Amino acid sequence: MSVLPYLAAGWIFLVGCYGLATSRNLIHAVGCLSVCQSSTYVLLLAVGYRRGGTAPVFADITPGSRPVVDPVVQALALTDVVVGATVTALLLALVIQTAKRHGTVDPDELSELRG
Amino acid sequence: MSRKARLWLLAVGGIGVAVLLACAAFDLPGFGGTWHPYGERAVRSALSRHTANVISSVNFDQRAFDTLGEESILFGAVLGTVVLLRETRDEHSEPPETAQVDPPVRRYALIALPVTLLIGLYVIAHGQLSPGGGFQGGVIVATALHLLYVAIDYKALERIRPAAAYAFADAAGEAAYVLLGTAGLLAGSAFLANFLPYGTFNTLSSGGTVPLLNAAIGVEVAGAVVVLLARFLDQALEIEDGGAGGTGRQDEEANRS
């Protein structure tokens, strides 16, 4: 099954979406968004994998002696992790303020506008 | 929309996306294959610029401009969190009580602290040589400081962690990245272009501007993580509501009536 890793990434994404749509707690929703995002790591690393390949770091291997996995997608995944972590922190800060101002973290109860 | 209708809509959309994803997956090159044109070019380019860690080369040389954008997202997110989690008018902060820590926990955390700090600095410094770099090392450095909270208590952590200084480090890291980019312009080539000699392959000074940009990111990430954790810990430990157990909403309603 050479497409299984790609399908797994899609499955993780859809599970995260299901959680986001059915969530009754904003903290849970932020967690689900992180799950959605982690599907992109799986997809990127699956695209870049090469059978028998090692890390694209030539500090201790001679260049050309071994196949290496794709460094471009690894760099993209690294970018993704950092941005994801700080944006999650920002969203959690928003949830804290929502809980303080409205006294609830259930998105269904947050329907009124407030100055 | 009712809950049931929402679930139906989700099911229809989800199945649609699942079909599209599956179609796309069967059209992608097979998992583990040998065809990686971008990867091979990136490896060649990194080796020609004397950077042993190809991922660092991609992030800080070949895609340095994208990394600037990413760093700005990080900076903006931290700024937003600081603004959102500040102490508001109807709150006040109370110093947390000193807690008793079990001696084995204290011993282990105090031994682990300098080791973790050193590992973090090592990972930042060797970003262009070994796996790691500014992003990963910055997080290790920032979390190492918080071992002091585990080992002693929050007051001890606050003493070595003036949050304003780390917020400054966060901004300075971002500024250093932009200035290093501008230095490329001043040297007569493009923004973020390399202007330093490439050095000897596989030594600390190799890679031209890669180690410098890497260090700028390390400073920024370490500052950012410390500031983020400081804000969240303040919320959890120091900032109290104005009234007895009253939230902002209840206070507001009391004022209105």
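The model is predicted: local features need pLDDT of at least 70, side-chain atom pairs count only at pLDDT 80 or more, and totals for chains, interfaces and linings use all residues. Residues are numbered from 1 along each chain as its sequence is written, chains are lettered from A in the order in which they are written, and side-chain values use heavy atoms, without hydrogens and water.

**Interface**
- Chain A gives 50 residues to the contact and chain B gives 62 (heavy atoms within 4.5 Å).
- About 4800 Å² is buried between chain A and chain B, 65% of it from carbon and sulfur atoms (accessible area, 1.4 Å probe, lost on being put together, summed over both parts).
- The rule finds 5 salt bridges across the interface (a side-chain nitrogen of Lys or Arg within 4 Å of a carboxyl oxygen of Asp or Glu).
- A:K100 and B:E91 meet in a salt bridge, 2.6 Å from N to O.

**Chain A side**
- α1 (4-22), α2 (26-48) and α3 (71-102) of chain A each supply at least two residues of the side that touches chain B (helices are DSSP runs of H or I, at least four residues).
- The largest share, 21 residues, comes from α3(A).

**Chain B build**
- Chain B has 11 helices and 2 strands (strands are E runs of at least two).
- Its radius of gyration is 24 Å, well over the 18 Å that the globule rule gives for 257 residues, so chain B is more spread out than a compact globule (C-alpha atoms; rule: 2.2 Å times the number of residues to the power 0.38).
- The C-alpha trace of chain B spans about 70 × 55 × 45 Å along its principal axes.

Definitions and conventions:
Buried area = accessible area lost by both parts, 1.4 Å probe.
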